[in-house]
Amino acid sequence: MTQNTKAAGAKKPEETAIEKAGMTHSERFTQMVTRQFAGQVGTMELTGYQKRLIQNYFIKTDMSLRAAEEKRLRKEEKFRDKVPVTWENVHLEQLAIDVVACSRVGYDPALPNHISMIPYKNNRTGKYDIGFIEGYRGRELKARKYGFDVPNNVIVELVHENDHFRPIKKDSNHDVETYEFDVKSPFDRGAIAGGFYYHEYYEEPRKNRLAFFTLDEILKRKPEYASAEFWGGERTRYENGKKVNETVEGWFPEMCWKTLYRMAYGAISIDSEKIDDNLMAALENENRYQLYGNEGLEPKPITPAENVIKPEVPQA
């Protein structure tokens, strides 16, 4: 896909024409994404759903740019990137390619936990690229659409100190892998001890699969640049241009559960016969962000580093 690697500085004739026409950012974005759609489906006529989806991507990207620019301006000048985080400084051609790919995979940024847009500085081009970060519901969508031997049901649970959990592995006495789980004291469950996920096949229960993890094993999937706003702990904010450190409680149980949820659907292997150009482009965007996103304004968001087509290794 050579079109993904063209230099941002070399503007296409249609980009220059759009700028000369004095279009708004929304109109420029829509026109470039529409052209990209047309290149794939062979028509410039978009359905109502496609138009709404494009608008959703614009709104969420615009919000992420505004938030990043506000954060840039709060920094002391010596720590502040000189290039404003605005539409004028976004690699729009690459953004249009990524929007079409992600939308055709099925991600909708208007739906909770589907996908998020994170701007980051590309120091090779001097412009901002947009990282498309898959949410835990987005991972489920991708696994169900592209997965091989997708289970009928996926159960994800955290296990606390006062809960009862007993794994039952398949052996000479048990034809089906299963478990016992009982929340004995729902309002006094104690600290998180670990968690598990269970892949359930209604028609072929012998294929059911249980994987369980200690809390330490769950936290290994916590990203290096996880936000304290969500995981809790120390964070740095800017007040009157000065750095201020503070401790925040975060949403630790919820983040542990979401991490397990991602693990559960990340364990479903991608079917090579279902892979298409849209999935490959979405994976390319993710890999590009993992490689270069840490050089930009934002720390890496809450997303495990494991490859989406690499199955999780279950606990023995």
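Visitor: What should I know about the model before we start?
Guide: It is predicted, so local features need pLDDT of at least 70 and side-chain atom pairs count only at pLDDT 80 or more, while totals for chains, interfaces and linings use all residues. Residues are numbered from 1 along each chain as its sequence is written, and side-chain values use heavy atoms, with hydrogens and water left out.

Visitor: OK, which strands form the open sheet, and in what order?
Guide: The order is 3-6-7, with antiparallel pairing. Strands are DSSP runs of E, at least two residues, and helices are runs of H or I, at least four, numbered from the N terminus. Two strands pair if DSSP finds at least two bridges between them.

Visitor: Which are the edge strands?
Guide: Strand 3 (153-160) and strand 7 (209-214), as each pairs on one side only.

Visitor: New topic: which residues have the most contacts inside the largest nonpolar core?
Guide: Phe-29, Val-33, Tyr-57, Leu-95 and Phe-132, in a core of 33 residues. Such a core is a set of buried (under 20% relative accessible area, 1.4 Å probe, protein chains only) Ala, Val, Leu, Ile, Met, Phe, Trp, Tyr and Cys residues joined through side-chain atoms within 4.5 Å.

Visitor: Which helix gives the most to this core?
Guide: Helix 4, with 7 residues.

Terms used
Buried means under 20% relative accessible area, exposed over 50%, partly exposed in between (1.4 Å probe, protein chains only).
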